[in-house]
Amino acid sequence: MAAHRLALIVGANRGIGLAVTKEFLARGWDVIASARDPERATELHRLATSHPGRVSVPRLDVNDPAALDRFADTMGDHVLDAVLLNAGVSGPGHRSASAVTEAEIGALMFTNAIAPIRLARALMPRVRPDSGVVAFTSSVMGSVSANAGGHELYRASKAALNSLARGLWTEMRGRNLTLVSLHPGWVATDMGGSSAPVPVNDSAAGLVHAIEQQSGAQEHRFLDYTGKELPW
Ligand SMILES: NC(=O)c1ccc[n+]([C@@H]2O[C@H](COP(=O)([O-])OP(=O)(O)OC[C@H]3O[C@@H](n4cnc5c(N)ncnc54)[C@H](OP(=O)(O)O)[C@@H]3O)[C@@H](O)[C@H]2O)c1
């Protein structure tokens with residue numbers, strides 16, 4: 001029997017990351033689903049119980065640089081078919097460059113832009129050549145050309161993520177890998193709020209489909225959960 005494909009989801013405890021974990025499992029993948037506090041990741045442990053041997057729940061707080069830099073070395077000899085760098089935060093409630101403190105902007109930029117790139121770079125040697133996909137949960141709010149104003153700090157963090165992802169892609173070119181920056185839609189999660197129009201399971205189904213579709217593409221695109229190309 002062929003081995004299951006293996007996905008790593010970073011930030012899988014709730015919201016989009018949890019729904020993507022469920023979607024990968026439903027499609028027959030095995031999943032490494034990281035959580036910043038595995039002891040409280042009850043849904044992930046329930047999935048591990050109902051899918052014996054197919055789900056592991058390692059600890060990773062992406063704001064802990066030492067843990068971040070150690071994480072790739074904890075992977076053993078696993079070869080990853082897909083990686084989704086999903087952990088993200090919305091930033092300070094005032095949302096304003098005129099009000100932000102150095103600590104607030106540092107935390108927002110580290111979580112949303114620096115940590116995913118730092119981890120992706122460290123994980124690259126463990127991603128399956130040719131078919132492997134490294135995906136980032138970005139946002140249309142990270143598009144400079146589609147910027148309609150508001151949420152300026154969060155937008156800047158996702159624009160920085162897009163820019164860093166493109167830089168990483170340039171660095172990796174010729175090494176038979178695929179990168180994709182994904183917009184999940186405006187999704188009903190703790191971050192998106194209950195009035196968001198896209199149910200989390202619909203977003204997750206679209207994101208996983210997009211990741212599967214990009215396998216072997218060996219390009220870096222900015223796509224939404226329906227597969228539509230977005231402007232940078
Ligand atoms: N919802 C939307 O409409 C929307 C739209 C565009 C993009 N996005 C992006 O989609 C991603 C997921 O968002 P969501 O809506 O699912 O948000 P959410 O419900 O607030 O979940 C955020 C997830 O990120 C994890 N996380 C945050 N900081 C972390 C850290 N330092 N270390 C490890 N994990 C951390 C959280 O872990 P804990 O459970 O431990 O807190 C949680 O699992 C984010 O990158 C977000 O920017 C969301």
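Two ground rules. Residues are numbered from 1 along each chain as its sequence is written. Since the model is predicted, local features need pLDDT of at least 70 and side-chain atom pairs count only at pLDDT 80 or more, while totals for chains, interfaces and linings use all residues.

Strands here are DSSP E runs of at least two residues, helices are H or I runs of at least four, and both are numbered from the N terminus. Two strands pair if DSSP finds at least two bridges between them.

Now strand 4, residues 82-85. Ala82 and Leu84 point one way, Val83 and Leu85 the other, and all are buried. Buried means 20 or more other C-beta atoms within 10 Å of the residue's own, with C-beta atoms placed from the backbone.

Who are its partners? Strand 1 (residues 6-10) runs parallel to strand 4, joined by four bridges. There, leucine 8 stands opposite valine 83. Four bridges also link strand 4 to strand 5 (residues 133-137), again parallel. Leucine 84 has alanine 135 as its bridge partner in strand 5.

Carry on across. Strand 5 and strand 6 (residues 178-183) are parallel and share five bridges. Alanine 135 pairs with valine 180 of strand 6. Contact means C-beta atoms, placed from the backbone, within 7 Å.

Next, the ligand. 28 residues surround it, and the closest are Gly15, Gly88, Thr189, Met191 and Gly192. The cut-off is a C-beta atom, placed from the backbone, within 6 Å of the molecule. Helix 1 (residues 15-26) gives the largest share of the shell, three residues.

Last, valine 208. Its place is in helix 6 (residues 200-214). Why does valine 208 count as buried? Because 24 other C-beta atoms lie within 10 Å. Beyond its neighbours within four places in sequence, valine 208 is in contact with Val20, Glu23, Phe24 and Arg27. Alanine 19 is 189 residues from valine 208 in sequence, yet the two are 10.0 Å apart in space, C-alpha to C-alpha.

Note on methods:
Buried ≥ 20, exposed ≤ 12 C-beta atoms within 10 Å, placed from the backbone. Contact = placed C-beta atoms within 7 Å.
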